[in-house]
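Hi everyone, thanks for making time.

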Amino acid sequence: MKEREKVLEVKNLKVSFNSNGHELKAVQDISFYLNRGEILAIVGESGSGKSITAQSIMGIIQDYTSVKREGNIIYKDLDLTTLSEKEMGTIRGSKIAMVFQNYSSSLNPTMKIGKQIQESLIKHQDLQKAIAYKKSIEALRRVGIKNPEEWYYQYPHQLSGGMGQRVMIAIALACNPDILICDEPTTALDINNQRQIINLLEEIQDKLSTSIIFITHNLKLINNFAHRLLIMYGGLIVERGPVKEIEKNPSHPYTRGLYKSILQRELRPKEKLYTIEGSPPNIKNLPKGCPFYPRCQYAMKICVNTRAEEIEVKDGHKVACWLYHHLCQRTEKRGEDFG
Amino acid sequence: MDKILEIKNVKKYFKLANKKIIKAVDDISFNIKKGETLGLVGESGCGKTTLGKIIMGIYKPERGQIIFFGKDIHLMDRIEYRNLSRKRQMIFQDGLSALNPRMTVKDILEEGMEIHKLYVDNRIKKVVELLEIVGLTRDSLYRYPHEFSIGQAQRIGIARALALDPKFIILDEPISSLDVSIQAQIINLLLEIQRERNLSYLLIGHDLDIVRHMSDRIAIMKSGKIVELSSTEEAWNNPNHPYTKMFLLQE
């Protein structure tokens, strides 16, 4: 089946930073893949390593003296970690493109937006200016901007929030990339614009069968949108699987807490909400075992020092938690006493 | 119930360089009662933050009256106005940038008390008390804002707002910059404080679920005007204005 073709595979990715002699482990050993035409959502809190993962795929984060990146990132039989900066430059922007959270700090404020779209077309596809102009008008039209001929000559500060985000998507899509990475593209927008951007991404995925990695901290946003979901916590993937399946049967205590602390319609007004006590871990001193155990009400002795392997709960739905180990006798895993 | 705040026909226009006029707040009237939360929602650019700033006295309105505790703020003398600043406080969206990076937590919480000459003998006791209310410990006293996470910074902001025993707090998107697992904690804290002290809130926000959960009444703004003002239940179950229908029921 063509749908099942893997376009990207990340194997044992580890990223750490060196800050004043401290090793900050932003991403600790994660592996996942992305199929053609699939929307993969990565959900996590700040500091969970989701943006660092995206930036490693884009090759924005590489091996330097202060940054250590290990593992393999395989894009269509090509290991991106082995490429030189020059070779990576031919892939970044043309095969794998990225949309950032904040358009106003990502676009060049001194350049007309049309020129910024052309830039990548001319660099990657070596087009003549007249053709590049036509293509960039088309790119603007594709993201739902009316009269693109006019907007072509505008500067970024003249755009509204929703418009700016559309222009970023237009730039990212200009070269028809295989993979589009969106890092919190809707966080700065109001609810109307959020919806429109989500619809636009859905449409793009549908028409161009682009694979999308959608990074967010908002679980509500992805329900009817993404196909598969990765939940990250403290630089690890704690749960993964089809969105519908995880929504129905969240398994890791952290995921369950996340779904429970989302406002539910059945709540009475002003009723106390369920909370996950404590705060996310500091990457300066991550626990040796499960990163969630200090906040977990089901933590066992084994959680303190040993990390759980991923255990399959149902087809494709995996969770890294000792509660699901076949030798574990505790019943909390079925979520019966969650109430 | 007694009204804490009354707004009557308030207008605020901004003049642009090209002589165009933007009617950011255009003839708005409402009131807020004791212990009540009024939710103020609308798309970005509809004027809801401008309205919050007018009520805080950061902007001066073109026209209209702002009446706190039965007295128009433009008719107040200096002492009355100063006393008002104790009773009206604001909690901001970005908790970290709302704190002075060069001041310790103790200084931040004591600043208002110093200005108003309150708790002269046992300020430190009061400060520790405030920290405990918002769920922080005594050892945060001599730390600086950058040593805290955004969620903790928001808690310090809440403690600062409570330091002078206010009656009315404006919450300008108080949780939209926080992580999901922290959001619920802050919502619970705000609700708890309100219950204990019988506070009135003006909650500005764009996350409709949260506004719906916290508010008694809700005002929907569109291009500087309030198009609907009704109880939260009423607005969702039986919206009158077509814009309300579109805005609230879009999911």
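Okay, let's start in chain B, with one pair of residues: B:Lys11 stands opposite B:Arg63, and B:Arg63 is in strand 4 of chain B. Before I go on, keep in mind that this is a predicted model.

That pair belongs to a longer stretch of pairing. Strand 1 of chain B, residues 3–15, and strand 4, residues 63–68, pair in the antiparallel sense, with five bridges between them. Strand 4 of chain B also has a link to strand 5, residues 71–72: those two run antiparallel and are joined by two bridges. If you want a residue to look at there, B:Ile67 has B:Asp72 in strand 5 of chain B as its bridge partner. Strands 4 and 5 of chain B make a hairpin with two residues between them, and B:Phe69, in the turn, has a positive phi of about 50°.

While we're in chain B, have a look at B:Thr49, which sits in helix 1, residues 48–56. B:Thr49 is partly exposed, at a relative accessible area of 31%. From B:Thr49 to B:Val25 you count 24 residues in sequence, and their C-alpha atoms are 9.7 Å apart in space.

Now over to chain A and its sheet. In what order do the eight strands of the open sheet in chain A come? The order is 6-7-8-3-9-10-12-11, and the pairing is mixed. At the edges stand strand 6 (96–99) and strand 11 (311–314) of chain A; each has a single partner strand, so one side of each has no neighbour in the sheet. On average, neighbouring strands of this sheet are turned by 20° against each other, if you ignore direction.

Strand 11 of chain A pairs with strand 12, residues 317–319, in the antiparallel sense over three bridges. There you can find A:Glu312 opposite A:Lys318, the latter in strand 12 of chain A.

Helix 7 of chain A touches strand 6 and strand 7 (179–183), and its direction makes about 175° with that of strand 6 of chain A. Helix 11 of chain A touches strands 3, 9 and 10, and its direction makes about 105° with that of strand 9 of chain A.

Let me stay with helix 11 of chain A for a moment. Eight of its nine residues, in the run 253–261, are buried, so this helix is largely enclosed by the rest of the structure. Among the buried ones are A:Tyr254, A:Arg256 and A:Tyr259. What do the buried residues of helix 11 of chain A pack against? In chain A, they pack against strands 3, 9 and 10 plus helix 9 (219–222) and helix 10 (243–248), and in chain B against helix 6 (180–197).

Next up is helix 5 of chain A. It covers residues 129–142, so to speak 14 residues, and reaches 20 Å from its first C-alpha to its last, close to the 20 Å expected at 1.5 Å a residue. The buried residues of helix 5 of chain A are A:Ala132, A:Ser136, A:Ile137, A:Ala139 and A:Leu140. They cover an arc of only 160° around the axis, which puts them on the same side of the helix. The face turned away from that buried side carries the exposed residues A:Ala130, A:Lys134 and A:Glu138. As for packing, the buried residues of helix 5 of chain A sit against helix 4 (113–125), helix 6 (148–151) and helix 7 (161–173) of chain A. After helix 5 of chain A comes A:Gly144, with a positive phi near 85°.

Last topic: salt bridges. Over all chains, the structure holds 24 of them. In one, the side chains of A:Arg36 and A:Glu5 meet at 3.3 Å, N to O. A:Arg36 is in the loop between strands 2 and 3 of chain A, and A:Glu5 in the segment before strand 1, so the pair ties together parts 31 residues apart in sequence. Are these two buried or partly exposed? A:Arg36 is buried, at a relative accessible area of 16%, whereas A:Glu5 is partly exposed, at 32%.

Back in chain B, B:Lys106 and B:Glu110 form a salt bridge at 3.6 Å, N to O. Both lie in helix 3 of chain B, four residues apart, about one turn of the helix, and both are buried. Finally, salt bridges with shared partners join A:Lys220, B:Asp207 and B:Asp209 into one network.

Notes. Residues numbered from 1 in each chain as written. Chains lettered and ligands numbered in written order. Predicted model: local features only at pLDDT ≥ 70, side-chain atom pairs only at ≥ 80, totals over all residues. Heavy atoms only, no water. Expected span 1.5 Å × (residues − 1). Buried < 20%, exposed > 50% of the residue type's maximum accessible area, 1.4 Å probe, protein only. Arc of directions from axis to C-beta. Contact = heavy atoms within 4.5 Å. Pairing = 2+ DSSP bridges. Axes fitted to C-alpha atoms, helices over the stretch in contact; angles between N-to-C directions. Salt bridge = Lys/Arg side-chain N within 4 Å of Asp/Glu carboxyl O.
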